[in-house]
Every structure is written in C-alpha cells, then in structure tokens.
Amino acid sequence: MSQPYYLQGSRFTVRMNSVIGWLARHGVSMLGTAELSVRGRKSGKMQRVPVNPHPFEGAQYLVSARGHSQWVRNMRAAGGGELRVGRKVRTFTATEIPDSEKPVILRAYLERWGWEVNQYFQGVTAKSSDAEIVAAAPDHPVFLITTN
C-alpha cells in the first residue's frame with residue numbers, strides 16, 4: 001500500500017507560514033486566514049499552523065491542501081482544536097468528511113483559494129472535471145468544524 005499523499009513545505013513556505021501564523025495570532029487575518037491550534041497526538045502540546053477556514057453552504061470547513069499533514073493526523077486524534085485571529089479564539093470540534101462528500105467542497109475551496117493552493121492539488125483546479133476532483137478527494141482531508 002502506498003503512503004498517503006503529503007507535500008511537505010519548502011523552507012520558503014514554512015517561513016511564510018510562520019509569518020502568516022504570527023500575523024493571525026496578533027490579529028491580522030490575510031483574506032480570512034486564522035491560526036489553527038491542535039493538540040499533538042504524540043507530544044500532547046498544542047501545535048500551530050495557519051489555515052484558510054472555508055465557509056460553504058452555511059457551514060465551515062478546514063481543507064488540507066498539502067494532504068495528510070501532521071495537523072490532519074493530530075486533528076484525527078484530537079477531534080477538534082482552536083482557531084485564532086488576535087484575541088478572538090474559537091474552540092471547535094471537527095468531523096472528517098468522507099471522500100464521497102468532498103468534491104463539491106473542494107471545488108468551492110479551489111474557486112476561493114486556488115490562487116494560493118493549486119500547486120498542491122497536482123494539476124486539479126476549480127475548472128477541473130468532476131472526475132478529476134473525485135480522483136483528488138482522497139488526497140485532501142476535509143473537516144467540518146463546529147464551534148463550541
């Protein structure tokens with residue numbers, strides 16, 4: 001069995017993520033970004049990473065553009081976390097969405113955030129066919145988040 005898809009960030013993108021996360025932590029959201037905090041499944045410590053919470057049809061989702069990343073694995077173990085922009089902290093629970101329900105969410109996510117994340121979707125864009133988006137769905141975990 002092959003390893004789940006995960007595209008690790010370059011030094012540049014890791015550095016940019018730390019800057020964007022710092023900005024969100026200090027109240028500056030760039031186009032809706034927030035800092036995600038989720039408890040590490042091994043360390044037990046809160047791990048932080050910037051994310052693009054995605055509103056869709058009255059709900060909010062977290063999509064992992066890079067695939068089965070560490071924050072995804074931690075989210076599966078923790079079942080929730082926190083989203084922060086400055087002093088505003090929203091605690092939430094997370095429910096992973098099955099692959100069959102992802103395509104419509106992924107297409108909308110790519111329409112909104114494609115300029116930033118298309119490079120992680122291996123050629124799939126908002127304009128890709130339904131079949132291409134269905135094929136990409138297993139590589140990109142999606143969580144429905146419900147604030148507490």
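What follows is a short briefing, grouped by topic.

This is a predicted model, in which local features need pLDDT of at least 70, side-chain atom pairs count only at pLDDT 80 or more, and totals for chains, interfaces and linings use all residues. Residues are numbered from 1 along each chain as its sequence is written, and side-chain values use heavy atoms, with hydrogens and water left out. Helices (H or I, at least four residues) and strands (E, at least two) are DSSP runs, numbered from the N terminus.

**Helix α1**

- Helix α1 covers residues 11-25, and its 15 residues at 1.5 Å each should span 21 Å; the end C-alpha atoms are 21 Å apart, so the two agree. The expected span here is 1.5 Å times one less than the number of residues.
- T13, I20, G21 and A24 are the buried residues of α1; "buried" means under 20% relative accessible area, "exposed" over 50%, and "partly exposed" in between (1.4 Å probe, protein chains only).
- Looking down the axis of α1, you'd find its buried residues within an arc of 100°, so they line one face of the helix. That arc is taken from the directions from the helix axis to the C-beta atoms.
- R11, F12 and R15 sit on the other side of α1 and are exposed.
- The cover over the buried residues of α1 includes β1 (34-39), β2 (46-51) and β5 (80-85).
- Just after α1 comes G27, with a positive phi of about 95°.

**A buried lysine, K102**

- K102 belongs to helix α3, residues 102-117.
- With a relative accessible area of 2%, K102 is buried.
- What does the side chain of K102 have around it? One of its polar atoms lies 2.9 Å from the backbone oxygen of A137, and the backbone oxygen of H140 lies 3.3 Å from a polar atom of this side chain. Both are given as polar contacts (a pair of N or O atoms within 3.5 Å; within protein, one must be able to donate a hydrogen and the other to accept it, and residues adjacent in sequence count only if both atoms are side-chain atoms).
- Leaving out residues up to four places away in sequence, K102 touches I97, A137, P138, H140, P141 and V142, where contact means heavy atoms within 4.5 Å.

**Salt bridges**

- How many salt bridges does the structure hold? There are five, each being a side-chain nitrogen of Lys or Arg within 4 Å of a carboxyl oxygen of Asp or Glu.
- E96 and R76 pair through their side chains at 2.9 Å, N to O. E96 is in strand β6 (residues 88-96) and R76 in helix α2 (residues 70-78), so the bridge ties together parts 20 residues apart in sequence.
- E96 is partly exposed at 32% relative accessible area, and R76 is partly exposed too, at 38%.
- K102 shows up again here: D99 forms a salt bridge with K102, with the closest N and O atoms 2.7 Å apart. D99 is partly exposed, with a relative accessible area of 37%.
- R107 and D130 form another salt bridge, at 2.7 Å, N to O. This pair links distant parts of the chain, with R107 in helix α3 and D130 in helix α4, 23 residues apart.
- D130 is exposed, at 55% relative accessible area.

**Nonpolar cores**

- The largest nonpolar core has 21 residues, and V63, I105, L106, Y109, V117, F121 and V142 touch the most other members. A nonpolar core is a set of buried Ala, Val, Leu, Ile, Met, Phe, Trp, Tyr and Cys residues joined through side-chain atoms within 4.5 Å.
- Two or more residues of this core come from each of β4 (59-63), α3 and α4 (130-136). The largest share, seven residues, comes from α3.
- Y109 is in contact with N52, H54, V63, A65, G114, V117 and F121, leaving aside its neighbours within four places in sequence.

**S37 in strand β1**

- S37 is in strand β1 and counts as buried, at 7% relative accessibility.
- Not counting residues up to four places away in sequence, S37 touches M46, Q47, R48, G81 and E82.
- S37 and V85 are 48 residues apart in sequence and 11 Å apart in space, C-alpha to C-alpha.
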